[in-house]
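Please have the sequence and the model open while reading.

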Amino acid sequence: MIRYHPKDAVDFLIIGAGAAGGIMAKELSSAGFRVVVLEQGPYLRERDFKHDEYGVVFRHALTNDPGRQPTTFRKTEADKAIPANAVIYGRMVGGGTVHFTANYWRFHEIDFVERSKWGPIDGTSFEDWPIRYAELEPYYTKAEQELGVSGLAGANPFDPPRSKPYPLPPLPVKSSGVIFERAARKLGLHPFPAPLAILSQPYRGRNACLNCGFCEGYGCEVRAKSSTLASVIPMAEQTGKCEIRPGCYVRKIELDRNGRAAGAVYFDSRGKEVLQRAKAVVVCCNGAETPRLLLMSKSSRFPQGLANSSGLVGRNLMFDAGQYCAGTFEHPLNDFKSVQVSRLLHDFYDADPKRGFYGGGGIDARFDFNPIMFALGGLPADAPKWGAEYKRLLRDSFTRTMYLLTHSTALPMERNSITLDPEVKDAWGLPALRVTYKNHPDDLKTMQFLNDRQMEILDAAGAVRKWAFPVEEITQGVHLLGTCRMGRDPKRSVVAPDHRTHDVRNLYLVDGSSFVTSGRNQPTCTIQALAYRAADLMIHGARRGEV
């Protein structure tokens, strides 16, 4: 494997080896550029992944550790922020794609132009994207084909146009999928096989899914999950032009005397500060750590944070909004086996003025609780909490229960933000990430609307018992979006449509932070399509001497 010296200015320095960073690494190195990727987490291999629920959930085996990387949370800027595990993201080579559920929806055409269709929404910074679905479609296709996505083109009547079918057929339907499909059709709805970034058949030298049931939260031991760790990062390393450098905690992006990005300063695995030089810097952290890094990179030229002349770095944070309902059935479903999701519907995807509020989303059928978390949080609120009756309920319910989960819109608001906590520090002595977040009333109304639709489906399915988890304000985010939004106006956005920051022309941001709207909060497919597009533009720009 190639190893670059930090004093040598590589062509591209990529910060973050996740959904976008892995693609950027592969594309740029395949084009012949010298690339270094700095990843704060470890470089794990398939042999390192275990079905260890305690380690994954409680010891943060694959995600950021709040003990070393604390976050604080408040609902409004007038409130005192308190310590809270407010954001969760993948912390390893491959990032969140290693442990995600692998839902892989494209945005619809409407997602890019909702402001034009619905008009302004009070209290929000609701805007159209500066690009359209048609421009991104070839890159959606490239992501599906190169990474390996299983699905059935044409099965969803609400799907946007596509130039190619999925490269692999859908994964086998589960008990929950069969029940969901029958009930939804009884109600006149249109369920379809869920597109997943998991292999249903062997593909490009990788194994098909073994249906072990440990997808969400876990790494895949057989490389069936189409993480960047299993797919494009090996391709990047095989070029001989790309170095993946794990255990590197970046604290600052450096500028040269002309105000151009010159590299990044990071703590290595021994705690030593290192400056890696580069001709261009590409930040691919996530919608929380990307703005944090820019805010920590303030200087006399950028006293409010790097690339923050607009004052919008960290603003317009959008969290994923999801709502669970559950049903228990007479006979065992054994839905803990195989992938988490096998059927999905988009009948309520678009907003509808007749509802009286903005918002929409998808509903899927799933079982994504392992035994410990099922026992702690998967039962109805009125269930016994201990004793013989509790044990009986656990024994009978674990194999007979399924869940429905909504994935709905979250409106962008400047007041929702990522900033630096003035008091709390992380293990490296850097300011902790501070989250300010309060849902727009329309977000909560959308969640309740979709919750009611889920209960109707469970009714139609004949559940012997059903319950809904209460609709509440979101206080923890997994899909971290919108904090460095894309736009053409430098006063109202942080990055241009080509992902260059308006303020520093050789500094790029490529991750969920660039999102203008949240879609229906399944962002990975769009993050990766944007990464392929950004890399394409960078390669052509670099060859013209514009980077």
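The search for disulfides, run over the whole structure, finds zero of them. The structure is a predicted model, and the result can be followed residue by residue. A disulfide is a covalent bond between the sulfur atoms of two cysteines. A pair of cysteine sulfur atoms has to lie within 2.5 Å to count as one. For Cys242, the closest cysteine sulfur belongs to Cys284 and is 12 Å away, which is too far for a bond. Cys284 is likewise in no disulfide, and its nearest cysteine sulfur, that of Cys285, lies 7.5 Å away.

Are these cysteines buried or exposed? Buried means under 20% relative accessible area. Cys242 has a relative accessible area of 2%, so it is buried. Cys284 has a relative accessibility of 3% and therefore counts as buried.

Next comes the hairpin. Strand β14 covers residues 417-425 and strand β15 covers residues 431-436; the two run antiparallel and are joined by five bridges. Lys425 is placed opposite Pro431 of β15. Five residues lie between the strands of this hairpin, and Gly429 adopts a positive phi near 80 degrees there.

The last stop is helix α11, made up of residues 441-461.

Conventions. Residues are numbered from 1 along each chain as its sequence is written. This is a predicted model: local features need pLDDT of at least 70, side-chain atom pairs count only at pLDDT 80 or more; totals for chains, interfaces and linings use all residues. Side-chain values use heavy atoms; hydrogens and water are left out. Two strands pair if DSSP finds at least two bridges between them. Helices (H or I, at least four residues) and strands (E, at least two) are DSSP runs, numbered from the N terminus. The expected span of a helix is 1.5 Å times one less than its number of residues. Buried means under 20% relative accessible area, exposed over 50%, partly exposed in between (1.4 Å probe, protein chains only).
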